[in-house]
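Thank you for making time for this one.

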Amino acid sequence: MSKYSIETKCIQSGYKPGNGEPRTLPVNISTTYKYDSSEHLGKLFDLKVDGHMYTRISNPTVACVEDKIADLEGGTGALLTSSGQAANLIAILNITSAGDNIVSMSSIYGGTVNLFAVTLKKMGIETRFVTENMTDDEVDALFDDRTRLVFGETIANPALTVFDFDRYVPIAHKHGVPVMIDNTFATPILCKPFELGADIVIHSTTKYMDGHATVVGGVIVDGGRFNWDNGKYPELTTPDTSYHGVVYTRDFGCDKAYITKARVQLMRDFGVPLSPMSSFILNLGLETLALRVERHSENAMKVADYLSKSDKVSWVSYPLLENNKEYEKAKKYLNGGASGVISFGVKGGRDAAVKFMDSLKLAAIVVHVADARTSVLHPASTTHRQLTDEQLVNAGITPDLVRLSVGIENVNDIIADIEQALTESQK
Ligand SMILES: *Cc1c(COP(=O)(O)O)cnc(C)c1O
């Protein structure tokens, strides 16, 4: 980890050019690498020397962006994936097998709910969901000797609940399992989950990290502090038969065992890497991450204030509004901002919400959040329409909920657009 502050890391971490080399990150569009001897390649295959073998596993351009993100989060290593969903899948399968279970907050991204409740279940991995009003004893009762991790989102998409680190980190660690945090909305600018006790961090880089709605991607970051050698993670602490006997904790240390296994075993087998070109584009986004997230948060705070005063709005949820139930946690865990995402209800329910959205001129209806342009979405009829009513309630979504992703345009223009569309919504 470098000593610089996060704004500097956004620009300077990762790629380190030598004398006379390109100033900006070179894009190595090559699937393959050249070796002077078969012996050297043999050592690479044995993981005895560092280097690149094949771009499915690693690539110099991709590696620089991975290093930057690891540095931004304060982790020991990172693995870029072709999407946030791929990151979640690999992050979980890296330490679970059929017969195991995981404990997850119920208020998480709809795609992740599907992954957990349907697809992982088919693979024999059960998810036990923590619902809103559970007591500590009830949460404790979800764990057994096959529980392998606790999962949550720093700021949940789209419910905007804030993960309670001080509550769940001690519970997870008491049960000898790591805390895995999807930090997509907060980004390392607003929250550093490793400093709050989390062990693994995941992002959909598609959102603020890319920031311009250009490339789909994901990343897994290893915090490097979890002690895997507690009997629950034999895949990390005993020989990997698919890798001629590598023992990840012994050969790479506890601090890099997890991320090394994710790369050389699961990325090898699933083949969901981020391409060098996509990594280059992601890196451009990362360079301005600190500036953008600051402005997104500032604009969203003003829009949330405006909405909470409007007589055409029935409720507003933004973690940093003082009357929000997440306010105390947002103050405690988030660094002065709560991202650009706001949810609110338009008076008149589902029909008025749709009329509001159709009347917007600057903000666009898109299936996306967290990029430079202001956008809106109606989760109940789009991203979350595969969920049952009960899952919708648990994910914090009502039929009138509009998810507004406040961009970095001038905030007065954003508010003026919202104002005229709200007027239309009530006609
Ligand atoms: C979008 C999103 C995902 C999924 O990421 P993709 O890049 O779309 O695959 C996962 N978690 C959260 C919190 C998200 O917002």
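This is a predicted model: local features need pLDDT of at least 70, side-chain atom pairs count only at pLDDT 80 or more; totals for chains, interfaces and linings use all residues.

How far from an oxygen atom of the ligand does a polar side-chain atom of Lys207 lie? The separation is 2.6 Å, which falls under the heading of a polar contact, that is, a pair of N or O atoms within 3.5 Å, with the further conditions, within protein, that one atom must be able to donate a hydrogen and the other to accept it, and that residues adjacent in sequence count only if both atoms are side-chain atoms.

Residues are numbered from 1 along each chain as its sequence is written, and side-chain values use heavy atoms, with hydrogens and water left out.

Returning to the ligand, the side chain of Asn157 places an N or O atom 2.8 Å from a ligand oxygen, and Gly84 contributes through its backbone, with an N or O atom 2.9 Å from an oxygen atom of the ligand. The protein covers 92% of the 380 Å² of accessible area that the ligand has on its own, the areas coming from the Shrake-Rupley method with a 1.4 Å probe, where for residues only the protein chains shown count as cover. There are 14 residues around the ligand, and those that come nearest are Asn157, Asp182, Ser204, Thr206 and Lys207; a residue is near if one of its heavy atoms lies within 4 Å.

Let me turn to the charged pairs. Side chains of opposite charge can pair when their charged atoms come close. The whole structure holds 21 salt bridges, each being a side-chain nitrogen of Lys or Arg within 4 Å of a carboxyl oxygen of Asp or Glu.

One of them joins Asp166 to Lys332, with the closest N and O atoms 2.9 Å apart. Since Asp166 belongs to helix α7 (residues 165-174) and Lys332 to helix α14 (residues 327-333), the pair ties together parts that are 166 residues apart in sequence; helices here are DSSP runs of H or I with at least four residues, strands are runs of E with at least two, and both are numbered from the N terminus. Asp166 is partly exposed at 44% relative accessibility, whereas Lys332, at 52%, is exposed; buried means under 20% relative accessible area, exposed over 50%, and partly exposed in between, with a 1.4 Å probe and protein chains only.

Another salt bridge pairs Lys261 with Glu235, the closest N and O atoms being 3.5 Å apart. Lys261 sits in helix α11 (residues 254-270) and Glu235 in helix α9 (residues 234-237), so this pair ties together parts 26 residues apart in sequence. Here Lys261 is buried, at 0% relative accessibility, while Glu235 is partly exposed at 31%. There is also a network of salt bridges linking Glu132, Lys325, Glu326 and Lys329.

Finally, the overall picture. The chain comes to 17 helices and 12 strands, its C-alpha trace spans about 75 × 55 × 35 Å along the principal axes, and buried residues make up 56% of the 427 residues. Phe185, in the loop between β5 (179-182) and α8 (187-190), is buried, with a relative accessible area of 2%.
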